[in-house]
Amino acid sequence: MSVPTSLDVEQARPRLLELTVVDVRTPGEFASGHLPNALNVPLDRLVRSLPELRPAADRGPLLIVCASGARSDSAVRTLSSHGIPASSLAGGTEAWAAGGHALEYPGGGARPRAVWAMERQVRLAAGSLVLLGLLLGLLLHPAFSLLSAAIGGGLVFSALTGTCGMAVVLGRLAFNRRGAGVRP
């Protein structure tokens, strides 16, 4: 069966009941609002969850979701490399909410405190570390400027490989882990 690699919100919405929605954001991001009936399988646990995802894909199409579509595109490529067809939601939960469609929250409760999207967390951490390296290099010792160079090198590596070590580390922090029951 041929599965498109991407669906936009208007293509996905009418098919929502036949799709298995898998949200690859961190549990904290997932808790800040997700598509109805979505399963939370953070991107860093995707390969470990293949035994559960394979039978779900055999039952029907998988729709992979993140905040903006970047992580879900990566997840679709990973799943495809393991023989599991899936589609990414173009624009992610941001596009879903912008289209006026409701988001669900764990426990069916009210909207909890929002957790910043991982990309925003990475930008804050990287920018802070670059500034810290420059300041320490100016005030204490020029060798501290190497911290800024290392962060810049890491960002280039991240862009070239489509991976982000800083996102993996930030995803393990407590505020990115709480608030969601991870399934499947």
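Let me start with the contacts in the protein chain: among those between residues at least 6 apart in sequence, 68% join residues at least 24 apart, where contact means heavy atoms within 4.5 Å. What we have here is a predicted model, in which local features need pLDDT of at least 70 and side-chain atom pairs count only at pLDDT 80 or more, while totals for chains, interfaces and linings use all residues. Residues are numbered from 1 along each chain as its sequence is written, and side-chain values use heavy atoms, with hydrogens and water left out.

The secondary structure comes to nine helices and five strands, these being DSSP runs numbered from the N terminus, H or I of at least four residues for helices and E of at least two for strands. Along the sequence the pattern reads β-α-β-α-β-α-β-α-β-α-α-α-α-α. Of the 184 residues of the protein chain, 40% count as buried, that is, under 20% relative accessible area with a 1.4 Å probe and protein chains only, against over 50% for exposed and partly exposed in between.

Now to one helix pair. Helix α6, residues 118–139, packs with helix α7, residues 145–161, at an angle of about 155°, their axes being 6 Å apart; axes are lines fitted to C-alpha atoms, for helices over the stretch in contact, and angles run from 0 to 180 degrees between N-to-C directions. The two helices are therefore roughly antiparallel, a label given to angles over 145 degrees, with under 35 counting as roughly parallel, 65 to 115 as roughly perpendicular and the rest as oblique. On the α6 side the contact includes Ala 126, Leu 129 and Gly 133, and on the α7 side Leu 147, Ile 151 and Leu 155 are among the residues involved.

Let me turn to the salt bridges, of which a search of the whole structure finds four, each defined as a side-chain nitrogen of Lys or Arg within 4 Å of a carboxyl oxygen of Asp or Glu. In one of them Glu 29 pairs with Arg 71, with the closest N and O atoms 2.9 Å apart. Because Glu 29 lies in helix α2 and Arg 71 in helix α4, this pair ties together parts that are 42 residues apart in sequence, and both Glu 29 and Arg 71 are buried. Asp 23 and Arg 25 form another, at 2.8 Å between the closest N and O atoms, and they too are both buried.

Arg 123 counts as exposed at 51% relative accessibility, whereas Glu 119, at 48%, is partly exposed.
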